[in-house]
Amino acid sequence: MTLLRLILEELKAIVADKAIAVTLFGGVLFYALLYPLPYLNQVPTEQALVVVDLDNTSLSRELIRHADASPKIRVARGAGSVTEAQHYIASGDFHGLLVIPAGFKRDLLLGKGATLSYGGDASYFLVYSALVEGLVTAGMDAAKSVQLLGMLSRGESFAGASLSLAPMHLNAVPAYNPGLGYTPYVVPGLFLLILHQTLLIGTGILGAGQWRKSGYWQQVSALELLMGRIAAFGLIYAALGAFYLGWCYHWYGVSVQAGLGDIAAFIVPFYVATAAAGVATSCLFIRRDMPTQVMLLASMPILFVSGFVWPLSLIPEPLVMAAQAIPAVPAIFGMLKLNQLGAGFDAVFSEWLMLWVLALVYLALAWWGLVVRRREVNSPITPKQA
């Protein structure tokens, strides 16, 4: 059987197997829509706030107006006490509260200082951070207004007082993620992880389902089967990778800094290493359902040790080092630097080289696993073994 014929047989087996087809094609398309869906608005805005104004002065009302003017907060209701505000938050319609104490304006004008109390529903981290950021900004604006009035009352000019309160202006320009949104931050690494896991599952199901059957895979050597299987899955994932790294990135507004040649050169060893790892692990299973269960359980640990959703400094060093044996980890590191941070290919050479090393290691393990598995299947069963 020629290599081309073997690749065609592999492609037919992949498409004809419902479990593999659903995982590869349905899973990739489904996750492309499912994962970014909750974060399409990028950042939480207009979070409903309950205000408890115990001062009821012009300054407290100005503070409320400052809070309502923030794009992150919407003053939705007033309450007469903290207990009443807590009931509103418990209903789920409101996410935070602001308590302005009695004597707020008087204490500020006397220079004694005043304490604003605010809180939010911390079970939603992004919502809570939006509330706190908006309220802190509103509180600082109100404090500057009081300071400005005090300085003007002492005879200082408006220009001089304004310059004293704000001697410099900060022009913050976020790099690589201009909108500071969640989607451009998490999607690039997550999509590579999805490609990695679905490729492992697909190769695992195909191999685990063939060991106890006869077919074209027994008509070729272990090395030929390995090369044909990697080539077949590589053709499929060339299209799926182009869909993820091309159309999906454009659709979700993810920055793309690298050229097509650099991306292709970097993604090839990732696919080879992952497909070879999938073939190697398929030799460990004889039940078709096991690869899916194992790979799904491993998805979350891989997500965290990859370092783009959790700082590597907070992960034990031995675990970080061991995670380098997973093709997705150096691939995510390198692709983020290459495609999102705009680094040159020389900056990701170590990750690229690591992927080729993993590819060679997993190719050897996959070949050895295929040879051993074939010997076990083809060996005669003695009465005692039966």
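Analyst: What follows is a set of questions and answers on this predicted model, each setting a value against its cut-off.

User: Why are H8 and H9 called roughly antiparallel to each other?

Analyst: Helix H8, residues 182–208, and helix H9, residues 222–251, pack at an angle of about 155°, with their axes 11 Å apart. Angles over 145 degrees count as roughly antiparallel, and H8 and H9 are therefore roughly antiparallel to each other. As for handedness, H8 passes H9 in a right-handed crossing.

User: Which residues of H8 and H9 meet, and what is the make-up of the contact by class?

Analyst: From H8 the contact includes Val187, Pro188, Phe191, Leu192 and Ile194, and these belong to a set that meets H9 residues including Arg229, Phe233, Tyr237, Leu240 and Cys248. The residues of this contact of H8 with H9 divide into 15 nonpolar, five polar and one charged.

User: What makes the pair H1 and H9 oblique?

Analyst: Helix H1, residues 3–16, packs with H9 at an angle of about 60°, and their axes are 8 Å apart. Roughly parallel would need an angle under 35 degrees, roughly perpendicular 65 to 115, and roughly antiparallel over 145, with the rest counted as oblique; H1 and H9 are therefore oblique to each other. H1 passes H9 in a right-handed crossing. The contact is made by Leu3, Leu6, Ile7, Glu10, Leu11 and Ile14 of H1, together with H9 residues that include Glu224, Leu225, Gly228 and Arg229. By class, the contact of H1 with H9 has eleven nonpolar, one polar and three charged residues.

User: Why does cysteine 248 count as buried, and why does cysteine 283?

Analyst: Buried means under 20% relative accessible area. Cysteine 248 has 0% relative accessibility and so counts as buried, and cysteine 283, at 9%, therefore counts as buried too. Cys248 is also one of the H9 residues that meet H8. As to cysteine pairing, a disulfide needs two cysteine sulfur atoms within 2.5 Å, and a search of the whole structure finds zero disulfides.

User: How do you know that glutamine 197 is buried, and what does it touch?

Analyst: Glutamine 197 lies in helix H8. Its relative accessible area is 6%, and because buried means under 20%, glutamine 197 is buried. Not counting residues up to four places away in sequence, glutamine 197 touches Met295, Ala298, Ser299 and Ile302.

User: Why is tryptophan 352 called partly exposed?

Analyst: Tryptophan 352, which lies in helix H14, residues 349–378, has a relative accessible area of 22%. Buried means under 20% and exposed over 50%, with partly exposed in between, so tryptophan 352 is partly exposed. Tryptophan 352 touches Ala265, Phe266, Pro269 and Phe345, not counting residues up to four places away in sequence.

User: Why is asparagine 56 called exposed, and what is its phi?

Analyst: Asparagine 56 is found in the loop between strand S1 (47–53) and helix H3 (58–69). Its relative accessible area is 54%, and because exposed means over 50%, asparagine 56 is exposed. Asparagine 56 has a positive phi of about 55° although it is not a glycine.

Note on methods:
Residues numbered from 1 in each chain as written. Predicted model: local features only at pLDDT ≥ 70, side-chain atom pairs only at ≥ 80, totals over all residues. Heavy atoms only, no water. Buried < 20%, exposed > 50% of the residue type's maximum accessible area, 1.4 Å probe, protein only. Axes fitted to C-alpha atoms, helices over the stretch in contact; angles between N-to-C directions. Helix = DSSP H or I, 4+ residues; strand = E, 2+ residues; numbered from the N terminus. Left-handed = near helix turned anticlockwise from the far one by under 90°. Contact = heavy atoms within 4.5 Å. Nonpolar A, V, L, I, M, F, W, Y, C, P; charged D, E, K, R; others polar.
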